[in-house]
Amino acid sequence: LFNNPNYMGCWLVLIFPFSLYFLISSKKIIIKLLNIFNVFFILLASILTFSRSALAGIILSIPLLIGLKTLIWFVPFVFIFLIFPIFLASIQIVPNGIQLLFRGIIPDNIWLQFSEEGFARLESSRFEIWKNTLNLINQRPFFGWGGGSFPEIIYRKFDIWLGHAH
């Protein structure tokens, strides 16, 4: 449905406050259970996009919707269960044993989003994407390759799927 995790994350962050509102305001037990199910799967889908902006949007929307009084317990909760474990898994100054423990708990795609290893890999691949894009433009500068052909050309050449060149 979405060709980029950030697009999907944006839509999930957009509907999350409405789902959370319906969960809070529902009175009947069956409706509340359905809303719990809905909120859980929106959160799960947001996490599985591995989009930093989606995760930040979800985290920021909770205290804004529930109320700023929740910051007293919400900020420590986010720090202890989200930020601190990712920090321990991704920062090189942490002892190797502790780092490996948290890397075993946190999925690779999440802690790599915040680690030097992940950023180094991202920058390298971005450079390669831009270099190959410029080569494709040089090959057909006037008429191009056709609308929407970039992902397929890159997939055939490198066996990775990229939706766009930027």
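Helix 4 supplies the largest share, nine residues. By type, the lining of this pocket divides into 26 nonpolar residues, one polar and one charged. Here Ala, Val, Leu, Ile, Met, Phe, Trp, Tyr, Cys and Pro count as nonpolar, Asp, Glu, Lys and Arg as charged, and the others, Gly among them, as polar. The volume of the second largest pocket is about 770 Å³. A pocket is found on a 1 Å grid over the protein atoms alone, as an open set of points where a 1.4 Å probe fits, with protein on both sides within 12 Å along at least five of seven lines; lining residues have an atom within 4 Å of a point. Grid points are joined across faces, edges and corners, and the volume is the space filled by probe spheres set on the points.

The model is predicted: local features need pLDDT of at least 70 and side-chain atom pairs count only at pLDDT 80 or more, while totals for chains, interfaces and linings use all residues. Residues are numbered from 1 along each chain as its sequence is written, and side-chain values use heavy atoms, with hydrogens and water left out.

The chain as a whole has eight helices and zero strands. Its pattern, read along the sequence, is α-α-α-α-α-α-α-α. Helices (H or I, at least four residues) and strands (E, at least two) are DSSP runs, numbered from the N terminus. Of the 166 residues of the chain, 29% count as buried. Buried means under 20% relative accessible area, exposed over 50%, and partly exposed in between, with a 1.4 Å probe and protein chains only. Among contacts (heavy atoms within 4.5 Å) between residues at least 6 apart in sequence, 42% join residues at least 24 apart.

Lysine 32 is in helix 2 and touches Leu23, Ile24 and Ser26, leaving aside its neighbours within four places in sequence. The C-alpha atom of lysine 32 is 8.1 Å from that of phenylalanine 22, ten residues apart along the chain. Lysine 32 counts as partly exposed because its relative accessibility is 26%. Serine 46 is also placed in helix 2. Its relative accessible area is 1%, so serine 46 is buried.

Leucine 65 belongs to helix 3. Beyond residues up to four places away in sequence, leucine 65 touches Pro17, Leu20 and Tyr21. The C-alpha atoms of leucine 65 and proline 17 are separated by 6.6 Å, although the two are 48 residues apart along the chain. With 33% relative accessibility, leucine 65 counts as partly exposed.

The loop between helix 2 and helix 3 holds phenylalanine 50. Its phi is near 55 degrees, a positive value in a residue other than glycine. Phenylalanine 50 is partly exposed, at 25% relative accessibility.

The aromatic rings come next. A pair of aromatic rings is described by the distance of the centres and the angle of the planes. Rings of Phe, Tyr and Trp (its six-membered ring) pair if their centres lie within 6.5 Å; planes under 30 degrees apart count as stacked, over 60 as edge-to-face and the rest as tilted. The structure holds six such pairs. One of them joins tryptophan 73 and phenylalanine 74 edge-to-face, at 5.7 Å centre to centre and 85 degrees between the planes. Tryptophan 73 is partly exposed at 48% relative accessibility, whereas phenylalanine 74 is buried at 7%. Ring pairs also link Phe37, Phe40 and Phe41 into a cluster.

Arginine 140 lies over the face of tryptophan 145, 3.9 Å from the ring centre. A charge sits over a ring if NZ of Lys or CZ of Arg is within 6 Å of the ring centre and within 35 degrees of the ring normal.
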